[in-house]
Amino acid sequence: MPDTFYTASPHWAWYIVWYFFVGGIAGGCFFIASLLKLFGRPEDTPVIRTGYYVAFAGALLSGLLLTLDLTRPERFWHMLIQSNTGRLMFKAWAPMSVGAWGLAFFGLFAGLAAASEFAEQKNLSLAALRRLARGIPAMVIAGAGTVLGFFLAGYTGVLLAVTNRPVWADSNLLGLLFLVSGASTAAGTLILLGLWRGSADRSSLEWLSRFDRGALALELLVLLAFVASLGSVAKVFLGWWGALLVLGVLGAGIILPLFLEARQGHRTGTLVRAAALVLAGGLLLRIVVIFSSNQIHVAGSGVSP
Amino acid sequence: MPEPMGFFTDTTVCIGCKACEVACKAWNQLPATGGGVVEMSGDSYDNTRRLDGINWRHVKFIEQFNHDRSQARWLMMSDVCKHCVQAPCLEVCPTGAIIRTEFDTVVIQSDVCNGCRMCIAACPFGVIGINPASNTAQKCTLCYDRLQAGLEPACAQACPTDSIQFGPIAELKRRAEARLAQLRAMGETRARLYGADEEILGGLNSFYLLVDEPEVYGLPRNPKLPTRNLTLSSLFSTAGALVMALFAVVTLRKRRLDEQAKH
């Protein structure tokens, strides 16, 4: 039996599944909006604003979900400050420590980005804030947003790899897989919100769809490589979790939306259906990754023939 | 500074009495499983089943029977936190709750732990669990409070066969080597030490004498530090981020050129 099968489950469950999903979307939205701010056109502004708002809302929701998952939620701040010395708590080699700081800075920059764009959108008489949405300050925020967005989308997979649990620690590709999935689900979210609010420019939506297809194609390759990299541990997918992974994540969440967009182009109905499938697939990916590992819990004691 | 202290557990003399489990529960005031309602495991004479936040000692029963149960072999092993010299739980703990003591043991400070459960996922031996009394991650402290008072841990003191021996690591290693040589001389060729050298996580300050493969006792053959995956995982993710960013910039530029060509 692989060495990872002698370990106990941390019982990370739905709070963490939703955090990985929301954090992926928030991270993806922040880097997509930031890249559009840096390299897009004025017509992209509605999508940029939506991206910043989703990133900030997602950061708040992420913090809430992570806090609720703690068995001592009132001690959430122990991640940032040493409770017995008052000094800063940071371990560069511990993904949860880096992640806690990463999320804090993500929230800060997403908050600045969202607030400044909101002030611009509503023509609020807050000159200092509105200055952040233009020129060099906006470039700095977008630059930070690109880095922090990619970080938030990807570190969760690295965190799972830096354990000793089955599936998670048996591959080095979970960080990359979550990062790419964060990009595709974020593009899907921005497409759906852009269509729903009716604010997004058609060329922005078409670019988002183009970007989403690229992300999905990469996700397809990474998912296959991830399963292959598990070696003998991949046998945990011989069953319901494997069926969900192949039919749900791979089939309905990646291949079907790629197929839909390739055949029917940029028709609104197609965009909606494809984006919804991508979001469902992204959620299902995190469900399968978390729970397929959780089912394995401290092997090796008791009766054997 | 005291020298490194630990356990040497000689599984060949364990009789499965579970006195260590009881002594541990009593000294550390650990609650009963299921509020004291006894639930039989149903497939083993062992009803504790595993180490967790309220069972810091667990006598594993390895019950090997042939099909008609005419032949049987029982192995018993009092399992506990290994107090690894390179401790995976300590490595990943994000709050600094897990510390190395002056006795070279690994202790979770319950007043610092916030229950993120990263250590549970990191422990290669499945030792740590949440104690519902404190709602924090807990495990064997190697009776840190007793050690500070010059006492031996409760389990070692209670063990009636000296299967659990407590002492300075260097002294325990000498005893273990002597016992191993004795067993081999008696023809027990399967006898081996687990965790006595530095091969496993720099050495286990709670190490074992076994008479079969580690896996038979539910022990991983070659447990590793969680951070073995950190560099490659981070590099793959960073490469992915660069590819995605490049893809975004290239497609945005292509959109601009296409629209310029249209006008």
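B:His83 is buried, with 29 other C-beta atoms within 10 Å. Keep in mind throughout that this is a predicted model. B:His83 sits in the loop between β3 (72-80) and α2 of chain B. Its phi is near 45 degrees, a positive value in a residue other than glycine. Most residues other than glycine have a negative phi.

A:His11 belongs to the segment before α1 of chain A. Is A:His11 buried or partly exposed? With 15 C-beta neighbours inside 10 Å, A:His11 counts as partly exposed.

B:Ser206 is part of strand β10 (residues 206-210) of chain B. B:Ser206 is buried, because 26 other C-beta atoms lie within 10 Å and the cut-off for buried is 20 or more. As a distance to keep on hand, the C-alpha atoms of B:Ser206 and B:Ser70 are separated by 35 Å, and these two residues are 136 apart along the chain.

Next, the domains. The assignment for chain B gives domain 1 (5-224) and domain 2 (227-262). Taken over C-alpha atoms, the centres of domain 1 and domain 2 of chain B are separated by 48 Å.

Now the interface. How many residues of chain B are in contact with chain A? There are 63 in chain B, in contact with 61 residues of chain A. On the chain B side, β2 (57-65), α2 (88-92), α3 (118-122), β6 (129-131) and α7 (230-262) each supply at least two residues. Of the elements of chain B, α7(B) gives the most to that side, with 17 residues. By residue class, the side of chain B that touches chain A divides into 31 nonpolar, 20 polar and 12 charged.

Two residues show the contact between the chains in detail. The first topic is B:Asn114, in the loop between β5 (106-108) and α3 of chain B. B:Asn114 is buried, with 23 other C-beta atoms within 10 Å. Which residues does B:Asn114 touch, not counting those up to four places away in sequence? From chain A they are A:Leu70, A:Arg72, A:Arg75, A:Phe76 and A:His78, and from chain B there is B:Thr95.

A:Leu35 is buried, with 24 other C-beta atoms within 10 Å. Again leaving out residues up to four places away in sequence, A:Leu35 touches A:Thr146 in chain A, and B:Ala245, B:Ala248 and B:Val249 in chain B. A:Leu35 and A:Ala142 are 107 residues apart in sequence, yet 7.0 Å apart in space, C-alpha to C-alpha.

On to the nonpolar core. The largest nonpolar core has 177 residues, and those with the most contacts inside it are A:Cys29, A:Ala55, A:Ala110, B:Cys89 and B:Cys119. Helix α1 (residues 14-39) of chain A gives the most to this core, with 15 residues. Why does the core lie between the two domains of chain B? Domain 1 (5-224) and domain 2 (227-262) both give residues to this core, so it lies between them. As for B:Cys119, its contacts beyond four places in sequence are B:Cys89, B:Val92, B:Cys93, B:Ile98, B:Ile128 and B:Ala137.

Last, a helix pair within chain A. Two packed helices are described by the angle between their axes and the distance between the axes. The axes of helix α3 (residues 95-121) and helix α5 (residues 135-161) of chain A come within 9 Å and cross at roughly 145 degrees. The crossing of α3(A) past α5(A) is left-handed. On α3(A), the residues making the contact include A:Gly99, A:Gly102, A:Phe105, A:Phe106 and A:Phe109. On α5(A), they include A:Ala144, A:Gly145, A:Leu148, A:Phe151 and A:Tyr155. Counted by class, the contact of α3(A) with α5(A) has 17 nonpolar residues, 3 polar and no charged.

How values were computed. Residues are numbered from 1 along each chain as its sequence is written. Chains are lettered from A and ligands numbered from 1 in the order in which they are written. This is a predicted model: local features need pLDDT of at least 70, side-chain atom pairs count only at pLDDT 80 or more; totals for chains, interfaces and linings use all residues. Two residues are in contact if their C-beta atoms, placed from the backbone, lie within 7 Å. Helices (H or I, at least four residues) and strands (E, at least two) are DSSP runs, numbered from the N terminus. Ala, Val, Leu, Ile, Met, Phe, Trp, Tyr, Cys and Pro count as nonpolar, Asp, Glu, Lys and Arg as charged, and the others, Gly among them, as polar. A nonpolar core is a set of buried Ala, Val, Leu, Ile, Met, Phe, Trp, Tyr and Cys residues joined through C-beta atoms within 7 Å. A residue is buried if 20 or more other C-beta atoms lie within 10 Å of its own, exposed if 12 or fewer, and partly exposed in between; C-beta atoms are placed from the backbone. Domain bounds come from an automatic or database domain assignment. Axes are lines fitted to C-alpha atoms, for helices over the stretch in contact, and angles run from 0 to 180 degrees between N-to-C directions. A crossing is left-handed if the near helix is turned anticlockwise from the far one by less than a right angle, and right-handed if clockwise.
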